[in-house]
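This briefing describes the chains of one assembly and the places where they touch. Please consult the sequence and the structure shown here while reading.

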Amino acid sequence: MSTLVIPGDEISVDPERPVVLGPGMYNDPVSQRIIPVNAGLLNISDSKKGQTIYVDYDSKRYTPAVGDLVVGVITGAFADSYRVSLSSFSTPVSLSYMAFPNASKKNRPTLVIGDLVYARVCTAEKELEAEIECVDSTNGSDAGFGLLENGMVIDVTLGFARSLLFNNEFPLLRNLAQHCKFEIAIGVNGKIWIKTDEVKETIACYRSISDCQGQSQEKFQEIIKNHFAQVTNTVEE
Amino acid sequence: MNTRTGYLENVDGSCLYSLNSTKVIAAVTGPVEPKARQELPTQLALEINIRPACGVPTTREVNIQDKVRAVITPTLALYKYPRQLCQITLQLLQAGETESYFHELELVACVNSTTYALVDSGIALKGIALGTTIVITEGNKLITEPTDENLKNAKSTHVVVYMIENSKPTNLLLMDSYGDFDQNDVFKVLEQSEIKINELNKNFREYMKTKLNNL
Amino acid sequence: MTDVEESTVEVHPVSFPPEILARISPDLSLQRHLSLGFRPSSRGFEEFRDITINTGDVTRRIQSDDNSVKIPPNNGKQGLGSCVLKQGDVFVITQITGGIIEDITLSKNDMELEDDTELLEITKEHSDITKYSSVYPVVEINRGRMGACTDEEMTISQRLYDSLLHSHILTQDVLRVEPGVRITNEDGSVSIIYPDTKENKEITNALKPKKKWSYVLYAKIEVFGRTGPVYDMCWNSLIAALQSVKLPRTFIDERATDLKMTVRARGRNAVVMETYNLLCDPNESTNLQLRENSISYASTYGIIDLDPEADITNLENNDDVDEPMDEGLETKTVLLADIDGEAEETSIKSTISITACPNGRFKQFSVVGGGAKITKELLMRSITLSKQRSRDITLKVQTV
């Protein structure tokens, strides 16, 4: 069930049963009213445990939430942690030296300022500095997190990044794979890291992903084809 | 009225707004890290900058800023973003009125465009603020969305902004009136503006619907 | 802390003396006061602070021999009118100064005058805003520190300017300078002729310069001991001061009236320039003519929801804290007149500011919502109070 909601709209919630509020929903501390605070599509799912409500909306500014996979830039190094920027001008988050695989007091990570990391948000309280980790804290394995070397970062809207990461039906990556081999890390903070064997392919991928944003899925094939044709032609000339 | 959100690339939310010959671009960035002196321990800080269509900002713009702040603050879910900052910049492209006498049309344009830009930015809002200008002529006629000429010959000028929650104007956020009028005029203006704002709200919902459908 | 028994700890509620509570939680302190039916300043809900107004005291005038008040020689820039207003503990001192500028723009209204039609009747109702004028106010709120002006000062100054312009209290006509002529009589004595009588008018018209001048008025408004919002006080003080304004008469020396100078500018043809030495009369002045029925006075109101949980009478009845208190308690909304004090200023988010004439017309009306909901009844009540307040202040200004 999805309907358009505007901030301040009335939402019918069964007050007797537990309610879980997701993104875009807010419980006013004074009036105890449950209202949507963003404009988008309302999703209510009802299970035995309770009701889950969230608003699906697109935006550009990322606010950390626990469990999110993110691409960040190291902007500072302290005695026991790095400072990482997840989006420009936002409050930076911290990445502890202990949040790496096989970390110990002696064994320090070797990241330097300017490095890119793929990580997961482990704590996110609005009153506190958020923390990210480069290790799967349940089993201590690296789980694909860590330093991202070379490649290029594309800034996209948060909604587009989520489609790429979570929507298996989304054809963009499959279309792209028909043209070249690539490594990709998608952060729900709107940053996509991509790496290919050749620079011209990276450029083509960069342009394709940027341009496919906000376009309908039928057009993806053509956009990608054009960009790859362009880079191959340029080299031949 | 003409609006276009997402007009600017590098800010979180933006809107190009025009009504008759008043034109403004609203840009919203936030929540971002504030400067130390702006930081509020429990809530979102708000910074509003208005740049006039020509010249540098003066006390006139500070006055409009003050009113926009009074209107926008109650619509924001401030406590959702402690120690954060929201920056709103409004660049007027065309005043649409004689700037030395009036600020009414620009004020309404600033409020409405900010609302669109805030929704575009995804900052949490408790409701939306929409407003309109009304003048009462020498012959006691009410004109909504007046022109510069209407303003010049009006007996009184009024700006009314309502907070819209659940598709209904619920709370009067601002009424700013100048000229010569009596209490009946005040209530007539409030009544008339409520009708107009309902219409603006309908447009707003329609706009959001088409925007979502295009995605 | 004192009675620690096995596994039970008695928690003492923390209590503060009223003045400390007012500092650390102004909101709660205000709610507690309101629940008892009065405000932190011990005023009633709809009670205004006492106001005293003195006009003309600060203006520098010299007492001449014949006991009539005269304006000293002032080069056109000195106190023309003033007002000292005291409301509660706040002082507002307004000084009106002025200058004379040359009118370069010949508006349509001036053309009418050229045709020797009578001056537009001052009391005649005209909505065209271009016919009206304002004064340039500078508000300074003294807080014991130096620095650039604050946003509040800028906002109040701009609001005063706008309100004055749109209240149609000053027409451009009354600020127009009608210079007289100083002539040397045959016997060598010097006298100044003003265009007051028909006969004199002919003389001055004959020597009339082609240029036009008008007065510009400035208002320096200083606030001392600010305890709350000050817009209404600044406005009332400004209006009272304007009523005391005396504009000095000006004249031109006969010998200067047709002075012509040939100037060669950038190799072009000779340009004829007129220079006049406009002088202010040390003895003669006229009252500034305001449009009487546009004189209005401002008052401010706040609207706040009473929090039933902060109600002291409820607290006393409910010794058992565990019992839910919100049952059957309705939030009441009250109107407070003349907001003052830190607690009221910070806790009250919904305000109404009304500038009303004693006859019930409004000149400026501003409502800022955001806190308590502003209902029609509350608006009506504030309107009634504002008219009453306006009449009261009118009486005070008139008795000065």
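**Domains, contacts and strand pairing**

In chain C, the domain assignment gives domain 1 (2–44 + 298–399) and domain 2 (51–291); such bounds come from an automatic or database domain assignment. The model is predicted, with local features needing pLDDT of at least 70 and side-chain atom pairs counting only at pLDDT 80 or more, while totals for chains, interfaces and linings use all residues. Residues are numbered from 1 along each chain as its sequence is written, and chains are lettered from A and ligands numbered from 1 in the order in which they are written.

**Domain contact within chain C**

- Between the two domains of chain C, 15 residues of domain 1 are in contact with 14 residues of domain 2; contact requires that the C-beta atoms of two residues, placed from the backbone, lie within 7 Å.
- On the domain 1 side, the elements of chain C that give two or more residues are strand E18 (297–306), helix H8 (342–347), strand E20 (350–356), strand E21 (362–368) and helix H9 (376–399). Helices (H or I, at least four residues) and strands (E, at least two) are DSSP runs, numbered from the N terminus.
- By class, that side of domain 1 of chain C has four nonpolar, six polar and five charged residues. Here Ala, Val, Leu, Ile, Met, Phe, Trp, Tyr, Cys and Pro count as nonpolar, Asp, Glu, Lys and Arg as charged, and the others, Gly among them, as polar.

**Chain C against chain B**

- In this interface, 29 residues of chain C are in contact with 28 residues of chain B.
- Helix H4 (151–166) and E21 of chain C are the elements that give two or more residues to the chain C side, and H4(C) provides the largest share, 10 residues.
- The side of chain C that touches chain B divides into nine nonpolar, 13 polar and seven charged residues.
- Strand E9 (residues 168–181) of chain B pairs with E21(C) in the antiparallel sense over six bridges; strands pair if DSSP finds at least two bridges between them.
- Within E21(C), Phe365(C) stands opposite Ser177(B).

**Fold of chain B**

- Chain B has four helices and nine strands, which run from the N terminus on as β-β-β-β-α-β-α-β-β-α-β-β-α.
- The radius of gyration of chain B is 17 Å, close to the 17 Å that the globule rule gives for 215 residues, so chain B is as compact as a globular protein of that length. The radius is taken over C-alpha atoms, and the rule is 2.2 Å times the number of residues to the power 0.38.
- Of the 215 residues of chain B, 57% count as buried, that is, with 20 or more other C-beta atoms, placed from the backbone, within 10 Å of their own.
- Among contacts in chain B between residues at least 6 apart in sequence, 66% join residues at least 24 apart.

**Chain A**

- The domain assignment of chain A gives domain 1 (18–56), domain 2 (68–148) and domain 3 (152–232).
- The centres of domain 1 and domain 2 of chain A, taken over C-alpha atoms, are separated by 30 Å.
- Strands E14 (residues 182–187) and E15 (residues 191–196) of chain A pair in the antiparallel sense over six bridges, and Ile184(A) has Ile194(A) as its bridge partner in E15(A).
- E14(A) and E15(A) form a hairpin with three residues between them, and Gly190(A) in the turn has a positive phi of about 85 degrees.
- Towards chain B, 25 residues of chain A are in contact with 28 residues of chain B; the chain A side has 11 nonpolar, seven polar and seven charged residues.

Methods
Buried ≥ 20, exposed ≤ 12 C-beta atoms within 10 Å, placed from the backbone.
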